[in-house]
Amino acid sequence: MDVFDAIKGRRSIRQFTDEPIGKEELERLLEAARWAPSGGNQQNWRFVVVTSPPQRELIRKFAPGIFAMPAAFIVICADKEPDANPWKEALYVADCSIAAQNIMLAAYEIGIGTCVALSYAKVAVSEILDLPENVEPMLVVTLGYPAEDPEPPPRLELNEIAFMDEYGKEWVS
Amino acid sequence: MTERMVVSEEDLYEILAFLFSSAHLLVNEPHLYGTFRLIDAATRLIGCALEGGELEDDKFLRQLKEDVDSRKLLLMTDEETYFQLLEDATREMAKEMKTRAVANKSSS
């Protein structure tokens with residue numbers, strides 16, 4: 001699949017079939033995450049793959065932003081240094097977000113729907129997954145075979161968000 | 001209308017987890033998410049009541065849940081229609097409760 005087709009075709013999927021996702025597919029997604037860029041190649045991300053029904057059920061209950069039960073979750077965590085400064089904190093967010101996008105595009109290519117969620121109770125997810133104190137769940141990616149085919153949401157025009165040479169100086173396509 | 005309705009222990013814990021998590025998250029989330037969490041909690045509660053409970057045949061609640069569930073995600077793409085949903089759902093609740101109140105009064 002062409003990368004640009006994946007970028008434009010991917011949708012946030014919030015309704016899934018009951019079909020489980022195979023180990024091979026999950027590992028492919030983890031590989032996609034592993035090859036994401038990270039600041040200073042620090043690779044401070046950690047990935048907890050959740051497929052067991054009781055664990056999935058528990059996470060969903062503490063995630064108001066997740067509406068239906070997915071076949072799996074990948075909880076993207078940051079293995080944080082103690083007393084990380086704001087620059088480091090920003091890096092954790094950026095690195096985990098880039099890894100999430102790799103996961104979502106790789107999933108789309110093999111027919112798996114995804115949605116990235118931030119509306120979950122971090123304290124609860126940390127407890128459920130038994131995360132060490134320095135490991136923070138940054139993003140939760142839901143995964144499953146799509147049971148919906150949503151229309152693309154509107155996008156701002158390029159000339160509203162992109163500028164040439166200076167902010168405000170119009171980008172002309 | 002006056003019987004005491006009880007949700008199952010499992011449903012109660014699920015709704016409590018949802019409500020506590022929502023309250024915690026809403027400290028930092030956009031304020032409109034608060035409206036969403038409330039109607040989402042409402043339809044989850046309706047779902048519990050409809051699933052094998054005494055209210056299984058309640059057509060009004062079933063329809064209301066369907067209406068709200070089908071339009072609630074418009075919060076993300078079409079705020080005006082979403083606001084209309086909040087108004088519609090409230091109006092429908094009021095109409096239904098008024099009808100029930102009148103029926104109760106005339107039967108007593």
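Analyst: Leaving aside neighbours within four places in sequence, B:Ser21 is in contact with A:Lys61, A:Phe62, A:Pro64 and A:Ala121, where contact means heavy atoms within 4.5 Å. The model is predicted: local features need pLDDT of at least 70, side-chain atom pairs count only at pLDDT 80 or more, and totals for chains, interfaces and linings use all residues. Residues are numbered from 1 along each chain as its sequence is written, chains are lettered from A and ligands numbered from 1 in the order in which they are written, and side-chain values use heavy atoms, with hydrogens and water left out.

User: Why is B:Ser21 called buried?

Analyst: The criterion for buried is under 20% relative accessible area, with exposed over 50% and partly exposed in between (1.4 Å probe, protein chains only). B:Ser21 has 3% relative accessibility and therefore counts as buried. The residue lies in helix α1 of chain B; helices (H or I, at least four residues) and strands (E, at least two) are DSSP runs, numbered from the N terminus.

User: What makes the pair B:Glu14 and A:Arg60 a salt bridge?

Analyst: A salt bridge requires a side-chain nitrogen of Lys or Arg within 4 Å of a carboxyl oxygen of Asp or Glu. For B:Glu14 and A:Arg60 the closest N and O atoms are 2.7 Å apart, so the pair meets the criterion. The count between chain B and chain A is one salt bridge. Four residue pairs are in polar contact between these chains, both residues at pLDDT 80 or more. A polar contact is a pair of N or O atoms within 3.5 Å; within protein, one must be able to donate a hydrogen and the other to accept it, and residues adjacent in sequence count only if both atoms are side-chain atoms.

User: How are A:Glu81 and A:Lys88 classed, and what separates their closest N and O atoms?

Analyst: A:Glu81 forms a salt bridge with A:Lys88, the closest N and O atoms being 3.3 Å apart. At 39% relative accessibility A:Glu81 counts as partly exposed, whereas A:Lys88, at 12%, counts as buried. Over all chains, the structure holds 20 salt bridges.

User: Where do B:Glu87 and B:Arg91 lie?

Analyst: Both lie in helix α4 (residues 79-107) of chain B, four residues apart, about one turn of the helix. B:Glu87 is partly exposed because its relative accessible area is 43%, and B:Arg91 counts as partly exposed at 40%.

User: Which residues of the largest nonpolar core touch the most other members?

Analyst: Of its 27 residues, these are A:Ile21, A:Leu29, A:Ile76, A:Cys96, A:Ile103, A:Val141 and A:Leu143. A nonpolar core is a set of buried Ala, Val, Leu, Ile, Met, Phe, Trp, Tyr and Cys residues joined through side-chain atoms within 4.5 Å. At least two residues each come from α2 (23-34), β2 (72-79), α4 (86-109) and β4 (135-144) of chain A. The largest share, eight residues, comes from α4(A).

User: Why is A:Asp83 called exposed?

Analyst: A:Asp83 has 79% relative accessibility, and the threshold is over 50%, so the term applies. A:Asp83 is found in the loop between β2 and α4 of chain A and has a positive phi of about 55° although it is not a glycine.
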